[in-house]
Amino acid sequence: MSTSPKPVKKVPIHLQSAQNRVYIKNGEIVNHDKTFKADVYIEDGIIKFVGPASEITIPGGVRTIDASGLLILPGGIDPHTHLQLPFGGAVAVDDFYHGTKAAVAGGTTMIIDFVLPNKHESMIEAYDKWRSWADPKVCCDYGLHVGITWWSKSVSEEIGILCKELGVNSFKTFMAYKGLYQLNDSDLLDVFERIRQLNGVAMVHAENGDIIAKNTQRLLAEGITGPEGHELSRPEEVEAEAVHRACVLAHQVDCPLYVVHVMSKSAGIELARARHRYRGRYIVGETLAAALGTDGTHCCQLFEFDHAAAHVLSPPLRPDKTTPEFMMKLLANDDLQLTGSDNCTFNKEHKALGVGDFTKIPNGVNGLEDRMSLVWEKGVHAGLLDPCRFVAVTSTNAAKIFNIYPQKGRIAVGSDADIVLWNPQATRTISKDTHHHACDFNIFEGMVVHGVPEFVLVRGRICVENGIVRVAEGFGRFIPTPVRPPFVYDIIEGKVQSLPEEHHDEKQNGNMAKKFAELDIQIPVVEPIGAMLAGNLPMPAEGSICSTPSVRGRVDGKRDLQESSFSISEELDKSGVRACIKVKNPPGGKSSGFW
């Protein structure tokens with residue numbers, strides 16, 4: 001009995017409207033889990049077809065884009081922005097229009113901004129205020145996190161309202177900014193417990209605010225008032241200690257924890273240790289475009305005030321010049337999962353508020369427009385990330401963690417048509433003179449980056465075409481982030497496995513010890529860290545909180561202890577009795593009293 005192949009059935013596209021119809025042909029689709037050749041058809045802002053041209057019939061009047069030589073990527077999602085934020089006596093100059101226009105220009109098609117209530121202000125009223133600022137101005141879709149800047153019964157009740165009625169599943173706490181936003185450990189435990197009850201996601205700014213306050217007081221008394229004092233007041237161990245403590249606190253109440261803006265080697269190692277300790281159950285980490293693209297040497301006394309102050313953010317950029325590559329390798333190995341920008345821009349006159357007192361410099365830098373190209377340049381072009389991992393850390397992981405996947409973060413039928421046609425070979429030079437931000441400084445000035453968005457579609461609307469940016473104020477929508485993201489809670493509840501069991505065997509432990517020795521990081525192998533130092537991590541299970549690690553990333557080389565800021569600076573140690581001790585072993589290992 002002979003059989004003949006079935007004829008290919010073409011999908012006819014019948015439309016009532018000629019608006020928002022785009023056909024993309026001859027491109028290569030890159031999702032976080034695979035790449036493949038396919039065409040894409042978009043109708044009314046939604047992806048309607050993904051597949052070979054032979055399986056679709058395109059009607060007349062459709063805009064066709066030839067994507068030969070280009071990659072078809074999900075639009076970037078920046079999970080960390082502060083647009084229009086009042087801070088330190090100034091207001092961030094990138095409002096929701098300029099900020100989202102810059103985002104779209106760089107290939108980011110959704111942002112998640114932070115509502116930051118004042119102490120004793122209603123969270124609901126603050127949420128309404130942010131919505132009133134954003135809704136008329138946004139050029140792309142957006143979501144909101146809400147900061148918990150004080151704690152009371154009413155705050156606990158309002159968290160429930162935000163989760164159940166207002167489309168917020170993530171809440172940011174602060175271990176820094178003493179007297180302003182900082183919560184003590186008891187309050188943090190209560191907050192994490194409440195978030196866990198509601199199946200939300202806790203976020204934390206991890207720095208030890210009490211140590212920072214003490215160091216700041218001492219530095220100012222010693223006459224150190226310039227921008228360099230900012231990093232001296234909050235060195236790496238102050239960040240690493242807080243990361244360790246936050247992870248322990250979250251573990252006590254079984255609450256998923258998202259550590260924002262990890263900026264140093266030691267903090268990144270501490271987060272990776274925690275992920276290994278809890279087998280990826282609770283912890284995810286984000287680093288910033290700033291941490292990947294520049295370093296803290298720009299804040300030293302060699303530079304004039306305007307230049308140095310423009311680089312001030314918290315946690316600070318680190319003067320160890322090897323930090324950016326190290327952080328990229330953490331991303332490659334899935335010890336960090338996301339990249340944000342923490343975009344919070346101020347002009348020279350605003351930064352000048354801190355002349356004579358570094359504590360009055362408004363914290364914040366740019367990064368929203370340049371994040372995607374920077375990650376491509378420092379990651380993919382440098383050979384540390386593959387394109388799938390690039391998509392994971394710039395888009396898909398955020399969509400999964402905040403429970404908007406696959407509406408966002410994927411090229412698939414039914415997903416929003418937030419699409420970037422990416423030219424991996426093209427280059428551009430970053431400059432304040434050509435960026436779309438409202439600020440007068442760019443911390444990546446003069447950097448040449450590979451990876452340029454040739455076309456950017458926001459819900460099917462072509463907003464960037466060959467360098468021309470055309471956006472519509474108010475076109476963006478608020479996107480609710482529902483509670484109980486399966487990507488997070490399926491692991492916590494034991495429905496899927498995250499880090500495989502073999503990570504805990506003796507052979508793996510030996511590999512960890514060897515790699516630590518190569519890096520000259522003296523950490524006892526009590527609870528060894530995961531993929532970063534092993535270099536042979538198997539693929540995680542489907543649905544894991546860890547998206548596929550890059551096959552290219554390994555942490556190699558010798559750590560330069562002369563350039564590292566891991567210990568409290570000698571600038572702070574001019575007395576006979578030392579308040580802090582140079583740490584040989586970061587938290588979790590043996591110490592002589594600091595931890």
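Residues are numbered from 1 along each chain as its sequence is written. In this predicted model, local features need pLDDT of at least 70 and side-chain atom pairs pLDDT 80 or more, totals for chains, interfaces and linings use all residues, and side-chain values rest on heavy atoms, without hydrogens and water.

An unreviewed UniProt entry puts "modified residue: N6-carboxylysine" at Lys-172; such annotations may be inferred rather than shown by experiment. Lys-172 sits in strand β13, residues 170-174 (strands are DSSP runs of E, at least two residues, and helices runs of H or I, at least four, numbered from the N terminus). With a relative accessible area of 2%, Lys-172 is buried (under 20%, 1.4 Å probe, protein chains only). Beyond neighbours within four places in sequence, its contacts include His-80, His-82, His-205 and His-261 (heavy atoms within 4.5 Å).

Lys-172 turns up again among the residues closest to the centre of the largest cavity, together with His-82, Phe-87, Tyr-177 and Asp-342. On a 1 Å grid over the protein atoms alone, a cavity is a set of points where a 1.4 Å probe fits but cannot get out, while a pocket is an open set with protein on both sides within 12 Å along at least five of seven lines; lining residues have an atom within 4 Å of a point. The largest cavity holds about 180 Å³, a volume being the space filled by probe spheres set on grid points joined across faces, edges and corners.

As for the second largest pocket, its volume is about 450 Å³. Tyr-177 is one of the lining residues nearest its centre, and α5 gives the most to the lining, with 4 residues.

Methods. Buried < 20%, exposed > 50% of the residue type's maximum accessible area, 1.4 Å probe, protein only.
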